[in-house]
Amino acid sequence: MFITKNKKLPENFLWGASTSAYQVEGANLTHGKGPSVQDVKTVPEGTSELDVCADFYHHYKEDIALMAEMGFKTFRFSIAWTRILPKGSGEINQEGIDFYSDVIDECLKYNIEPLVTMFHFDLPYELEKKGAWTRRESIDEFVNFAKILFENYGDRVKYWLTINEQNVLTLSGDVIGTCNLEGVSNKYKKLYQDNHHMLLAQAKVMKLCHEMIPGAKIGPAPNISLVYPASCKPKDILAAQNFNAIRNWLYLDMAVWGRYNNLVWKFLEEHDAIPDIEEGDMDIMAQGHPDFIGFNYYSTATVEWDEANTEAASGDQQGGSCEPGVYKSFSNPNLLRSEFGWEIDPDGFRATVREMYSRYHLPMLVTENGLGAYDKLTEDGKIHDDYRIDYLRKHIEQIKLAVSEGVDMMGYCPWSAIDLISTHEGIVKRYGFIYVNRDEFDLKDMARYKKDSFYWYKKVIETNGEDLS
Ligand code: BGP
């Protein structure tokens, strides 16, 4: 529909940006922090280790001051589980508690609302060794970790996110370094058993948050990409519905309604992968009510019917996945791609938002969105990232249209506040408003520079999204 009567964004719209602990902090095995699965993985060839990253651990004051200069209303960051509990459970590392306390205070000093992700791809290695999420105990381990966070930060943190991209953990764990399938005979059974435990842990944590912190708001943060059919052939429509269910709705149906999506259930049945469900599990699921839906969006996905029973392939967060007889990834000829091959689809952003809102009717918070690119620092200390401005502008335009269409949007936190290490493509895949002067292997001086997008975003925030020029 053409929209001529626009609504303004709400006055309290949460403008900000995001990071995650293991990609930004550095100091990964110091100051009492234990190893996570990210610290022991073999990084892809040609990409940096995760020991220094953007060194946010030592630069957080400077970095948060820059975010304040842009006018951030919120800052989304994650807490490294192993900085709080080096072994995942048991002894607490006070230095870790103090670090995040200081980060939170630093945000509040500038009236920036901390938006805390509890778990972002960095499971404690000690828990991984014991069997990670496959064990029933993992539920209580996560709840215990969350309880420590609520006790220590609940007086100051009002906005919480449970698990970052639980769907990506399930579907692309091999690419992001979180999946260990050694000795596993039925990968579906393991992955969806892990998933069941994570869903239970999430439901319990949402309930606990409401009990421990009156007034706090909590939500999930999956990666949601509306799935298009490759054509109007009826079988392609069925394939798109299959992947929509497997990729998107399983996670949100469960978080919001506490029930398994029937198409996913059938898919699991076909693979002898129905998770072990104990008595009372579904009651627990039904008791975890999110206050909002946090979601990461980079692009849509497109699939076709899989006639040939193609071999299964997992792809990365945004593409390339196939499930024999269920769906097959299709390259959308109508979309441009980033330098790293991810499709760019601002209209699809609105389509995704519309679909989610009509299903769940909850306020929505964009917890990631952005463009990874090879930025260049010029000799006079500038970064001309007009391609990023263009990407962000087009996505914010769609948020404004979605709001005009009646969607309740709480805020926008693109990825990423500052350059950091990508999940599998190194520091050269930059996303930040703030440039960090280091290369893949040469740490240089780690100085911070303001990109052109920094000044642009500052103006966008100042005008509450009215001036996107
Ligand atoms: C999301 C993750 C982030 C982030 C982002 C960009 O899937 O939540 O951690 O890294 O994608 O992806 P990448 O780093 O692979 O470019």
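**Ligand site, cavities and backbone features**

Cys53 is placed in the loop that runs between α2 (37-40) and α3 (56-70); helices (H or I, at least four residues) and strands (E, at least two) are DSSP runs, numbered from the N terminus. The phi angle of Cys53 is near 50°, a positive value in a residue other than glycine. The model is predicted: local features need pLDDT of at least 70 and side-chain atom pairs count only at pLDDT 80 or more, whereas totals for chains, interfaces and linings use all residues. Residues are numbered from 1 along each chain as its sequence is written, and side-chain values use heavy atoms, with hydrogens and water left out.

The peptide bond from Trp415 to Ser416 is cis, with omega near 10°. Ser416 is found in the loop between β14 (409-412) and β15 (434-436).

The structure holds seven cavities of 30 Å³ or more. On a 1 Å grid over the protein atoms alone, a cavity is a set of points where a 1.4 Å probe fits but cannot get out, and a pocket is an open set with protein on both sides within 12 Å along at least five of seven lines; lining residues have an atom within 4 Å of a point. The largest cavity has a volume of about 150 Å³, a volume being the space filled by probe spheres set on the points, which are joined across faces, edges and corners. Its lining comprises 18 residues, of which Tyr298, Gln317, Glu368, Trp415 and Thr423 lie nearest the centre of the cavity.

The ligand sits in the largest cavity, in the sense that more than half of its atoms lie within 2 Å of the grid points. Of the 16 residues around the ligand, Gln23, Glu165, Thr423, Lys429 and Tyr431 come nearest, where near requires a heavy atom within 4 Å. Polar side-chain atoms lie 2.5 Å from a ligand oxygen atom in the case of Thr423 and 2.7 Å from a ligand oxygen atom in the case of Lys429. For Asn164, a side-chain N or O atom is 2.9 Å from an oxygen atom of the ligand; a polar contact is a pair of N or O atoms within 3.5 Å. Taken alone, the ligand exposes 380 Å², and the protein buries 100% of that, with areas from the Shrake-Rupley method and a 1.4 Å probe.

The largest pocket has a volume of about 340 Å³. It is lined by 25 residues, and Gln318, Gly319, Gly320, Ser321 and Ser329 are the closest to its centre. At least two lining residues come from each of α8 (166-171), α11 (234-257) and β8 (301-304).

Key. A polar contact is a pair of N or O atoms within 3.5 Å; within protein, one must be able to donate a hydrogen and the other to accept it, and residues adjacent in sequence count only if both atoms are side-chain atoms.
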